[in-house]
Amino acid sequence: RLLDAGHPWAAVAVISNYMHPEDRSPELSVVKKALSSLIKTTEPITDHSMSPYYVEQLLELMEREVPDDPDLASYEFALFGLLHDKNPTMALYRALNNEPDDFILMVRSLYRGENEEKRESTAKAKSFANRAWEILHDWNSVPGQLPNGTIDGEKLQEWVRAARFAFEESGHTSVGDEQIGEVLSASPVGADGNWPAEAVREVVE
């Protein structure tokens, strides 16, 4: 009823409180409807101290129960600025690690192409760019990196190759390489104890 009446902040609070203290799980369709409504709403946030916590609870529920839900990464992207300590964002960074498309889009939102005329920046574009900068700044893993910390070298090379090709096409070659370098700087040490990991060294070389 709260969602239908246009009060998604109150709805998220009710759903989160329903989950505790008995670890009850609300219906996924209700959780997704609430998160989608939050992203679209023009209603101002009603509780600056607790509303971020309620959002985190719903995202954490999805991370636990449906980590591969196709909408989860987009929820985490859209609500990134609300999250304390920028968590949970595992699905968002899994998506960035797997495919470069969102990374390319974010870099293009932040930097003009080499021959691109000055853009008229709307409030929506500025909001997207600010969120993109925060997300890229907080990214601390490498494309192709596995849960055990090792890196799939073939996956990494494919990711870098696709990103560089896209940046060359859009006139972002120089800044694209810089941003790829920033991503690769999050590499762990290699099996030989040296930084960066062997797979990253091969890409750089």
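This is a predicted model: local features need pLDDT of at least 70, side-chain atom pairs count only at pLDDT 80 or more; totals for chains, interfaces and linings use all residues.
**Exercise 1. The overall build**

Work out how many helices and strands the chain has, and what pattern they follow.

Solution. Start with the count: there are 10 helices and zero strands. Now read along the sequence, and the pattern comes out as α-α-α-α-α-α-α-α-α-α. For the dimensions, take the C-alpha trace along its principal axes, where the span is about 55 × 45 × 25 Å. Then turn to the contacts with a separation of 6 or more: 64% of them come from residues 24 or more positions apart.

**Exercise 2. Surface and charge**

Find what share of the residues is buried, and how far apart the mean positions of the positive and negative charges lie.

Solution. Of the 205 residues in the chain, 39% are buried. Last, the charges. The chain carries 19 positive and 36 negative ones, and their mean positions sit 6 Å apart.

**Exercise 3. Lys32 and its partners**

Locate the salt bridge between Lys32 and Asp71 in the chain, then decide for each residue whether it is buried or partly exposed.

Solution. First the distance: the closest N and O atoms of Lys32 and Asp71 are 2.7 Å apart, which falls within the 4 Å cut-off for a salt bridge. Then the location. Lys32 belongs to helix α2 (residues 28–40), while Asp71 is in the loop between α3 (51–65) and α4 (72–78), so the pair, 39 residues apart, links distant parts of the chain. Now the accessibility: Lys32 counts as buried because its relative accessibility is 18%, below the 20% limit. Asp71, at 30%, counts as partly exposed. One more step: Asp69 joins in too, as Lys32, Asp69 and Asp71 are linked in a network of salt bridges.

**Exercise 4. Two more bridges**

Compare Arg164–Asp177 with Asp192–Arg201: what are the N to O distances, and how accessible are the residues?

Solution. Take Arg164 and Asp177 to begin with; their closest N and O atoms are 2.9 Å apart. This pair also links distant parts of the chain, with Arg164 in helix α8 (residues 153–170) and Asp177 in helix α9 (residues 173–184), 13 residues apart. Arg164 is partly exposed at 44%, and Asp177 is partly exposed at 33%.

Move on to Asp192 and Arg201, whose side chains meet at 2.8 Å, N to O. Asp192 is partly exposed, with 42% relative accessible area. To finish, the total for the model is seven salt bridges.

Methods
Residues are numbered from 1 along each chain as its sequence is written. Side-chain values use heavy atoms; hydrogens and water are left out. Helices (H or I, at least four residues) and strands (E, at least two) are DSSP runs, numbered from the N terminus. Buried means under 20% relative accessible area, exposed over 50%, partly exposed in between (1.4 Å probe, protein chains only). Contact means heavy atoms within 4.5 Å. Lys and Arg count as positive and Asp and Glu as negative; His and the chain ends are not counted. The place of a charge is taken as NZ of Lys, CZ of Arg, CG of Asp or CD of Glu.
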